[in-house]
Amino acid sequence: METFSVEIVTPIKILNQENVNYIRCPGIDCSFAIMKKHRQGVIALDVGEIKIDVKGTTESYATSV
């Protein structure tokens with residue numbers, strides 16, 4: 001499976017992840033997933049859980065208000 005890089009920007013930190021296979025995020029309208037060759041975009045997140053699959057392991061992050 002091909003991998004890609006993800007950059008999540010918050011008011012206090014920038015999270016960079018390399019070798020990502022898949023990411024699922026809570027969007028304002030609904031949850032969405034991103035895979036390799038997905039169109040670039042700036043997407044507003046809602047409160048919920050972000051799951052990032054990196055080299056077969058899943059890392060979870062939470063968004064809040």
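Predicted model: local features only at pLDDT ≥ 70, side-chain atom pairs only at ≥ 80, totals over all residues.
Okay, let's start with threonine 63: its side chain reaches the backbone nitrogen of glycine 48 at 2.7 Å.

Leaving out neighbours within four places in sequence, its contacts are Pro26, Leu45, Asp46, Val47, Gly48 and Ile50.

Thr63 also turns up in a pocket. Together with Ile8, Thr10, Ala62 and Ser64, it lies nearest the centre of the second largest pocket, which has 15 lining residues. The volume there is about 460 Å³. E5 supplies the largest share of that lining, three residues, and by class you get ten nonpolar, three polar and two charged.

Now the largest pocket, at about 560 Å³. Strand E1 (4–9), E2 and strand E3 (31–34) each give two or more residues to its lining, with E1 giving the most, six. There are 21 lining residues, and Val6, Glu7, Ile34, Gly41 and Ile43 are nearest the centre.

Last stop, glutamate 18, over in strand E2, residues 14–26. Which side chain does glutamate 18 join in a polar contact? Serine 5, at 2.8 Å. Beyond four places in sequence, glutamate 18 is in contact with Phe4, Ser5 and Val54. As for isoleucine 34, its C-alpha is 14 Å from that of glutamate 18, with the two 16 residues apart along the chain.

Key
Residues numbered from 1 in each chain as written. Heavy atoms only, no water. Helix = DSSP H or I, 4+ residues; strand = E, 2+ residues; numbered from the N terminus. Contact = heavy atoms within 4.5 Å. Polar contact = N/O pair within 3.5 Å; in protein donor to acceptor, adjacent residues only side chain to side chain. 1 Å grid on protein atoms, 1.4 Å probe; cavity = no way out; pocket = protein on both sides within 12 Å on 5 of 7 lines; lining within 4 Å. Points joined across faces, edges and corners; volume = space filled by probe spheres on them. Nonpolar A, V, L, I, M, F, W, Y, C, P; charged D, E, K, R; others polar.
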